[in-house]
Number of protein chains: 2
Amino acid sequence: LDSRGDFIGSILEIDLNRLVENYNILRSKLQQDTICAAVVKANAYGVGARHITGALASVGCEDFFVANLDEALDIRHSVSDENVYVLHGVDDKETAETCTSYNIIPVISSVPQLETWYKHCKNSDEKLPMVLHIESGMGRLGLQEEDLKYINKHHHLLSNCSIRQVMSHLSCADEPDHPHNYHQLTMFKEILFDYFNYKSKASLANSSGIFLGDDYHFDMVRPGCAIYGVNPTPHQANPMKNIITLKAKVLQKRILDYDYAISYGATYKASKGDKIAILEYGYADGYFRCLSNGSYVNYLGHKLPVIGRVTMDMIIIDASALQEQEFAKMDFVELINDEITVDEIAKRAKTIGYEVLTSLSPRAKRIYKIKIG
Amino acid sequence: LDSRGDFIGSILEIDLNRLVENYNILRSKLQQDTICAAVVKANAYGVGARHITGALASVGCEDFFVANLDEALDIRHSVSDENVYVLHGVDDKETAETCTSYNIIPVISSVPQLETWYKHCKNSDEKLPMVLHIESGMGRLGLQEEDLKYINKHHHLLSNCSIRQVMSHLSCADEPDHPHNYHQLTMFKEILFDYFNYKSKASLANSSGIFLGDDYHFDMVRPGCAIYGVNPTPHQANPMKNIITLKAKVLQKRILDYDYAISYGATYKASKGDKIAILEYGYADGYFRCLSNGSYVNYLGHKLPVIGRVTMDMIIIDASALQEQEFAKMDFVELINDEITVDEIAKRAKTIGYEVLTSLSPRAKRIYKIKIG
């Protein structure tokens, strides 16, 4: 039980000082007048949008991107003066009105969305802000060249709104040598010139895009994963700091009196004398089932392998590397920390660090650490 | 926007009538005097513990199993008179007191837990209920034979509590021919005889265990996955009914004017003329990233493939199988339904239906359907 009287099974500590350090590392890569926004969609990649936006706003971040309107409203109170952008835009009169009521800026990605926004703006006394999202080769959301031609012909659609910026999104920025990066950059520049006469502010780079160099930075960059410590340069050492420590409680432990099959399907045979511990953390908490027999946890610097199948609420580990006294004392172990990073877990699960973060369930108690001064 | 003014991106419909049908299918497999409990841990496998427990209690289910005390307190108000069992037991004075205050029954899996419970019970005027969890070959939580011998020697540990039942858990019940099933059954019976003189109530079977026959049922069965529609007999047709429909909103669609690389890493090449749609659902919502280029969705009975990488908040599909008019009307598609079941998604993601369910994020709006009468 913690001080609030809650039952504690697992703990996710988030180091807000390191978060801010990461933000500052990214900012140091930019020219003076380039803005560093923060992407806080999906509840700040699972880490907790309200706390993250509050911490970043306190060091001067003024621009936050979320996926949908629910997420925008969720952070509106923690960042009351900052710009909040909704990447999925508006889809009807009501969502457009909600944007204006709460001072939320929609990102417009299609002609139907622009038409919705135009109808809404027509009735306004002032020009309402929005961002135009251009498709430059990501193959996902965004206005394509034929859409821009259509808008040029129907120019009234932009008559009562103000284009805060024109943005696009990179698809291969984590592979710096991929020809697609330069291709997207070129296309984006051409569009800025052909359709906006270079007069609009522009934004292209995600986390990895920041590391492609100044050409990719324009007026604003929009990092997400790098702020949370995921490596934006997967082919090199991680320039970012890990911000999370995930701790699971030891539910039970035992030194085996005989050989023993472990967990569902009896896929692992433990041996007499092995030190076995059951942890209160499973795939329902976001520890992927594919990590069965294929990962490890940390205690006092020891790497302790996950044995048998990961189950819904529990993991079994082999703690035989510990001395008996250490084993007797072990009450919590670390599943993610500076040694076993989000990227390391991702590699073992054949995915990316982003999915490790967004899969962390609410069942782990969040503790936000911040050192003042 | 729905009637409550919320923004709608994706919808998870849960059919409570089918849930009850599943519960009744399981109950029909049992002898008259065998109790059918329900496992509602991990927020009822991601589906929503409060609604699920309420619906099952209304048709006579009186026994609910959760993983930890937080989960027990979460459902205590929706099922005020029913038995709520905490599988992870008690770990200190405070958790023991909370159990008694809220009439929650701990499942005791180790000697230290029993000692905690004993100290708590000593001060009570009445015998306090608990369940003893025996390890019969699962290789996870539970009292082993040496623990039972220890308890026999220190019999005062059981002096002021009432053993509601003795339970154990099967590790290979989804493989009916696995010798481990009979091995566990035999060991469980021996323990019931040797240490409890067959006087205690007993429980062994999970969902799959129910289908192993009467020998495995004892006084109570504890189904989880089967109630939620996951196939408890993976080598045969599913005897259960699907209870969920997962719908994602179409954010944008386009008939391609030219060939086109799709999503991160440009792993899919779409062709001129293809009908492409972007859905508001991604791996942050629980649609595993490993389903990239490897799954499909449903619209008007058409199977529409997921193309390119699944991204955090969006999926791209090829809807070329649709007529232009159908494509123009398409506003929501189904990601999980009676055709694309939880088990089908699991197979494609090389996991089990349980993990598909527990990975569903809170971002999808829950709608609980119930037909009265």
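**View 1. A salt bridge joins Arg254(A) and Glu146(B).** In this predicted model, the closest N and O atoms of Arg254(A) and Glu146(B) lie 3.5 Å apart. Across the interface of chain A and chain B, 12 salt bridges are found. Residue pairs in polar contact between chain A and chain B, both at pLDDT 80 or more, number 37.

**View 2. Several helices and strands supply the side of chain A that touches chain B.** The elements giving two or more residues to this side are the helices α2 (41–45), α4 (69–76), α5 (93–101), α7 (145–153) and α12 (353–358), together with the strands β11 (244–255) and β12 (260–262), of chain A. The largest share, 4 residues, comes from β11(A). By residue class, this side of chain A comprises 26 nonpolar, 19 polar and 19 charged residues.

**View 3. The contact draws on 64 residues of chain A and 65 residues of chain B.** The area buried between chain A and chain B is about 5900 Å². Carbon and sulfur atoms give 51% of that buried area.

View 4. Over all chains, the structure holds 0 disulfides. Cys36(A) is buried, with a relative accessible area of 4%.

Key: Residues numbered from 1 in each chain as written. Chains lettered and ligands numbered in written order. Predicted model: local features only at pLDDT ≥ 70, side-chain atom pairs only at ≥ 80, totals over all residues. Heavy atoms only, no water. Contact = heavy atoms within 4.5 Å. Buried area = accessible area lost by both parts, 1.4 Å probe. Salt bridge = Lys/Arg side-chain N within 4 Å of Asp/Glu carboxyl O. Polar contact = N/O pair within 3.5 Å; in protein donor to acceptor, adjacent residues only side chain to side chain. Nonpolar A, V, L, I, M, F, W, Y, C, P; charged D, E, K, R; others polar. Disulfide = S-S within 2.5 Å. Buried < 20%, exposed > 50% of the residue type's maximum accessible area, 1.4 Å probe, protein only.
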